[in-house]
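Trainee: I have a structure open and a few things to ask about it. Can we go through the side chains together?
Mentor: Fine, go ahead.

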Amino acid sequence: QEPMVESGGGLVQPGGSLRLSCAASRGIFTINAMGWYRQAPGKKRELVALITDGCITNYADSVKGRFPIARDNVKRTVSLQMNSLKPEDTTVYYCDAKWISGNGNNTYDYWGKGTQVTVSS
């Protein structure tokens with residue numbers, strides 16, 4: 001099993017909605033933040049939405065107001081509600097959990113394998 005397990009990707013028409021969900025494996029002991037990234041072919045992986053253990057959120061400008069993120073610290077899950085989907089949202093989405101070292105100098109990322117989201121008519 002990969003460190004983070006995503007689900008909810010698929011094919012949807014423009015203007016439709018999808019909900020992505022992700023669960024952390026038992027091998028991840030400490031999670032300080034969880035988020036979703038996406039990566040188009042030939043592009044770097046980019047942040048879509050992030051939520052910290054203090055419930056502070058960070059969104060890409062392109063999805064702000066469309067893709068609310070939520071987490072459950074007990075269940076160790078994070079979800080991304082994707083609304084008003086556009087063709088340009090089409091790509092692979094990756095779940096991420098972040099552990100920040102005690103001194104705050106280092107951050108380690110635990111990634112899922114990715115789930116495909118396709119927005120097309």
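Trainee: How many aromatic pairs does a search of the whole structure find?
Mentor: The search finds 2 aromatic pairs. Keep in mind that this is a predicted model.

Trainee: What is the arrangement of the rings of Y37 and W111?
Mentor: Edge-to-face, because the planes are at 75°. The ring centres of Y37 and W111 are 5.1 Å apart.

Trainee: And where do Y37 and W111 lie in the chain?
Mentor: Y37 is in strand β4, residues 33-39, and W111 is in strand β10, residues 107-111. The pair links distant parts of the chain, 74 residues apart.

Trainee: Is Y37 buried or exposed?
Mentor: Y37 is buried, at a relative accessible area of 12%. W111 is partly exposed, at 27%.

Trainee: Which residues form the other pair?
Mentor: Y108 and Y110, also edge-to-face. Their rings are 4.8 Å centre to centre, with 65° between the planes. Y108 counts as partly exposed, with 47% relative accessibility.

Trainee: What sits over the ring of W111?
Mentor: The charged end of R45, 4.6 Å from the ring centre. The charged end of R45 also sits over the ring of Y94, at 3.7 Å from its centre.

Trainee: Changing topic, cysteines. How many disulfides does the search find?
Mentor: It finds 1 disulfide. C22 and C95 form it, with their sulfur atoms 2.1 Å apart.

Trainee: Are C22 and C95 buried or exposed?
Mentor: C22 is buried, with a relative accessible area of 2%. C95 is buried too, at 0%.

Trainee: On to the core. Which residues touch the most other members of the largest nonpolar core?
Mentor: M4, W36, L80 and M82, out of 27 residues in that core. At least two residues of this core come from each of β3, β4, β5 (46-52), β8 (77-82), β9 and β11 (115-119). β3 gives the most, with 4 residues.

Trainee: What is M82 in contact with, leaving aside its neighbours within four places in sequence?
Mentor: G16, S17, L18, L20, R66, F67, Y93 and V117.

Trainee: Last one, R38. Is it buried or exposed?
Mentor: R38 is buried, with a relative accessible area of 14%. It lies in strand β4.

Trainee: Which side chains does a polar contact join to that of R38?
Mentor: S62 is one of them, at 3.1 Å. D89 is another, at 3.0 Å.

Trainee: What else is R38 in contact with?
Mentor: Leaving aside its neighbours within four places in sequence, its contacts include K44, R45, E46, V48, V63 and F67. T91, V92 and Y93 are also among them.

Technical notes: Residues are numbered from 1 along each chain as its sequence is written. This is a predicted model: local features need pLDDT of at least 70, side-chain atom pairs count only at pLDDT 80 or more; totals for chains, interfaces and linings use all residues. Side-chain values use heavy atoms; hydrogens and water are left out. A disulfide is a pair of cysteine sulfur atoms within 2.5 Å. Buried means under 20% relative accessible area, exposed over 50%, partly exposed in between (1.4 Å probe, protein chains only). Rings of Phe, Tyr and Trp (its six-membered ring) pair if their centres lie within 6.5 Å; planes under 30 degrees apart count as stacked, over 60 as edge-to-face and the rest as tilted. A charge sits over a ring if NZ of Lys or CZ of Arg is within 6 Å of the ring centre and within 35 degrees of the ring normal. A nonpolar core is a set of buried Ala, Val, Leu, Ile, Met, Phe, Trp, Tyr and Cys residues joined through side-chain atoms within 4.5 Å. Contact means heavy atoms within 4.5 Å. A polar contact is a pair of N or O atoms within 3.5 Å; within protein, one must be able to donate a hydrogen and the other to accept it, and residues adjacent in sequence count only if both atoms are side-chain atoms.
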